[in-house]
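Colleague: Before we go into any details, could you show me the model and take me through how its features are read?

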Amino acid sequence: MEVAYRNIAIDPDTLRVKVGSTIKWTNYDSVDHNVTSIGAGPQKFASKEFGENGTFEIKVDRPGIIHYESTTQPATMNGTIEVVR
């Protein structure tokens, strides 16, 4: 599943994926972003900041709801991943 960081926004900002899926974020903005899980979801992750055309990916391994954001722009760049069996 591909997620785009574009125009200081996330597209799509809500995902529904199966356990075992790989999610890949690509930054199309000219400013750095990151991907950081927030809250008490089933999986924790935090990327380093990555610039234009940079990527980050994870494989989801447990069902549940994961909330995440780019800590560089948390007001507009936050998303949700629903992981199902």
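**Burial, extent and sheet order**

Modeller: Of the 85 residues in the protein chain, 40% are buried, where buried means under 20% relative accessible area with a 1.4 Å probe and protein chains only. This is a predicted model, in which local features need pLDDT of at least 70 and side-chain atom pairs count only at pLDDT 80 or more, whereas totals for chains, interfaces and linings use all residues. Residues are numbered from 1 along each chain as its sequence is written, and side-chain values use heavy atoms, with hydrogens and water left out.

Colleague: Which radius of gyration would a compact globule with 85 residues have, and what is found here?

Modeller: The rule, taken over C-alpha atoms, is 2.2 Å times the number of residues to the power 0.38. For 85 residues it gives a value near 12 Å, and the protein chain agrees because its own value is 12 Å; its C-alpha atoms fill a box of roughly 35 × 20 × 20 Å along the principal axes.

Colleague: How many helices and strands are there in the protein chain?

Modeller: Strands are DSSP runs of E with at least two residues, and helices are runs of H or I with at least four; the protein chain has eight strands and zero helices.

Colleague: What is the order of the open sheet of four strands?

Modeller: Strands pair if DSSP finds at least two bridges between them. The order is β3-β8-β7-β5, with mixed pairing. β3 (14–18) and β5 (36–38) stand at the edges with a single partner strand each, so one side of each lacks a neighbour in the sheet. β5 pairs with β7 (residues 64–69) in the antiparallel sense over three bridges, and Thr36 stands opposite Glu69 in β7.

Key
Buried means under 20% relative accessible area, exposed over 50%, partly exposed in between (1.4 Å probe, protein chains only).
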